[in-house]
Amino acid sequence: MLQASGGVGSGDRRGCARPHWRSPAGPTATTHSRWTRLLVVGLGCVLAAACTSPARQETTATSQASAVPTQRDYWPTAGWRTAAPDQQGMDPAVLDHLDTVVPDLYPQVRSVLVVRHGYLVVERYWQGVEASDGHDVRSVTKSFVSALVGIALGDGKLKGLDQTVGELLADHLPANADPRLRQVTVEQLLTMTSGLAGDDSSLGGDDQLFDRMLQSRDWVRHILGRRLETTPGESWAYSSASSHLLSAIVADATGQSTLAFAKAKLFAPLGIAADDALEPTVRHWPPPPAEWAAYERAPVAWPRDPQGYHVGGVGLRLPARELAKLGYLYLNGGRWDTTQVVPANYVAASTRPQSEPSRGPGDYGYQWWVTNETGHDSFRAMGFGGQVIQVIPDLDLVVVITSDPDQGRHDGPNLVGATIVPAITG
């Protein structure tokens with residue numbers, strides 16, 4: 001049911017390898033390896049686009065003031081309003097290049113959406129994809145889980161980001177757990193500085209760690225049974241296992257599943273319809289082909305682990321228009337209409353540098369990448385194979401790009417710096 005990873009590829013600042021993964025053809029040994037590799041890559045090859053893009057720069061502060069208005073003339077809860085690009089300060093002739101550039105140079109791209117000043121000014125689909133179709137967003141899932149952590153914090157379900165694994169997941173800890181792991185904080189999980197070893201080879205980790213978790217009967221307990229590789233708080237290592245612990249923390253702290261909490265506190269305010277979401281349980285790896293096919297057909301889906309926890313690092317499936325809503329929420333500091341959905345201070349902390357990866361497109365916040373796009377401060381939710389929600393506050397801009405990860409191309413996000421930002425006229 002789940003072809004996983006949310007990977008970003010090797011974002012090594014010295015150069016980019018481009019590993020390839022494919023969709024499963026059935027539960028064979030070869031398929032098992034491929035599927036495992038897909039779910040292992042916690043952030044995968046989208047970052048290959050970042051490190052090949054001429055727009056990629058070290059994350060530095062800019063002096064440009066944010067263009068985000070304090071008041072909006074509408075909110076897209078019931079749907080996005082559309083506008084001609086020139087009505088929102090964008091050159092339609094430049095944006096029209098997408099119609100030729102994408103098929104010719106980025107054949108893996110499935111959708112490009114551009115929201116300027118709150119209006120949908122570009123919406124393009126390829127490969128037979130339609131607006132209602134869901135997209136497997138891979139590690140973009142992490143940014144949704146981060147938002148839920150912030151909401152739980154604002155609701156008082158979590159007392160603070162300094163709460164520890166030993167306090168919040170005590171019932172899951174093995175008796176012989178690394179004593180240091182008990183002291184790992186929620187904030188360290190968010191910033192990938194928990195001390196857990198990285199589980200994405202493209203970002204310096206070990207894919208077999210995620211493979212072993214997939215084969216375990218209890219994912220959370222398996223993660224908590226590992227010995228830490230480094231002292232918590234000392235160094236960054238990209239770990240989808242850390243993100244899965246965050247999903248379990250949200251569920252245990254709120255007393256409901258991660259998806260149920262998301263429906264009530266995040267999806268409902270934003271107008272994201274998820275009542276019919278598919279919630280397959282990953283009991284065997286690889287999953288049966290029929291489950292995978294059902295997942296691919298679903299507009300909205302979020303798989304669970306064997307204990308019922310929704311997978312925290314990958315697997316969320318949503319239509320592109322709904323993905324844009326998360327970006328718009330964060331563009332507006334966590335506010336949606338008259339409701340502060342995610343605490344403003346948490347959004348601000350999430351989208352500024354909190355840790356410094358040795359590989360990747362920039363710095364890391366709370367499950368968001370903090371980057372710079374052609375001189376503009378930016379932040380991104382990123383997933384394997386070219387999935388991205390990118391926000392550029394000083395341009396009042398949100399961009400969503402989804403791609404077919406099986407084509408082995410991860411440079412779709414280059415379109416932001418190469419075509420979309422250059423189209424802005426004012």
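Predicted model: local features only at pLDDT ≥ 70, side-chain atom pairs only at ≥ 80, totals over all residues.

User: How many of the residues of S8 are buried?

Analyst: Five of its five residues are buried, and S8 is accordingly described as mostly covered. As for the two directions, in a regular strand the side chains alternate between the two faces of the sheet.

User: In what sense do S8 and S9 pair, and over how many bridges?

Analyst: S8 and S9 pair in the antiparallel sense over five bridges, with Trp369 standing opposite Arg380 in S9. The two strands form a hairpin with two residues between them, and Thr374 in the turn has a positive phi of about 45 degrees.

User: And what about S7 and S8?

Analyst: S7 and S8 also pair in the antiparallel sense, over two bridges, and Asp363 stands opposite Val370 in S8. They form a hairpin with four residues between them, where Gln367 in the turn has a positive phi of about 65 degrees.

User: Switching to aromatics, how many pairs does a search of the whole structure find?

Analyst: The search finds 14 aromatic pairs. One of them is formed by Trp368 and Phe379, whose ring centres are 5.4 Å apart and whose planes meet at 80 degrees, so the pair is edge-to-face, the cut-off for that class being over 60 degrees. This pair links distant parts of the chain, 11 residues apart, with Trp368 in the loop between strand S7 (363-364) and strand S8 (369-373) and Phe379 in strand S9 (residues 376-383).

User: Are Trp368 and Phe379 buried or exposed?

Analyst: Trp368 counts as buried at 0% relative accessibility, and Phe379 is buried as well, with a relative accessible area of 5%.

User: Which residues form an aromatic cluster, and which charge lies over a ring face?

Analyst: Trp75, Trp80, Tyr328 and Trp336 form one aromatic cluster. Arg317 lies over the face of Tyr295, at 5.2 Å from the ring centre.

User: Tyr328 sits in a helix, I think. How many residues of H13 are buried?

Analyst: 11 of the 12 residues of H13 are buried, so this helix is largely enclosed by the rest of the structure; the buried ones include Tyr328 and Tyr330. Helix H13 (residues 320-331) reaches 17 Å from its first C-alpha to its last, close to the 16 Å expected at 1.5 Å a residue. Just after H13, Gly333 takes a positive phi of about 65 degrees.

User: What is Tyr330 in contact with, beyond its neighbours in sequence?

Analyst: Leaving aside neighbours within four places in sequence, Tyr330 is in contact with Ser146, Ala147, Val342, Tyr346, Val347, Ser350, Thr351, Trp368 and Phe379. Tyr330 is also named, with Phe144 and Leu266, among the residues with the most contacts inside the largest nonpolar core, which has 116 residues. As background, in soluble globular proteins nonpolar side chains tend to be buried together.

User: Last one: what span should helix H10 have, and what follows H10?

Analyst: At 1.5 Å a residue, the 15 residues of helix H10 (residues 240-254) should span 21 Å, and the end C-alpha atoms are 21 Å apart, which agrees. H10 is mostly covered, with 13 of its 15 residues buried, and is followed by Gly255, whose phi is positive, near 75 degrees.

Key
Residues numbered from 1 in each chain as written. Heavy atoms only, no water. Core = buried A, V, L, I, M, F, W, Y, C linked by side-chain atoms within 4.5 Å. Buried < 20%, exposed > 50% of the residue type's maximum accessible area, 1.4 Å probe, protein only. Contact = heavy atoms within 4.5 Å. Expected span 1.5 Å × (residues − 1). Phe/Tyr/Trp six-rings, centres within 6.5 Å; stacked < 30°, edge-to-face > 60°. Lys NZ or Arg CZ within 6 Å of the ring centre and 35° of its normal. Pairing = 2+ DSSP bridges.
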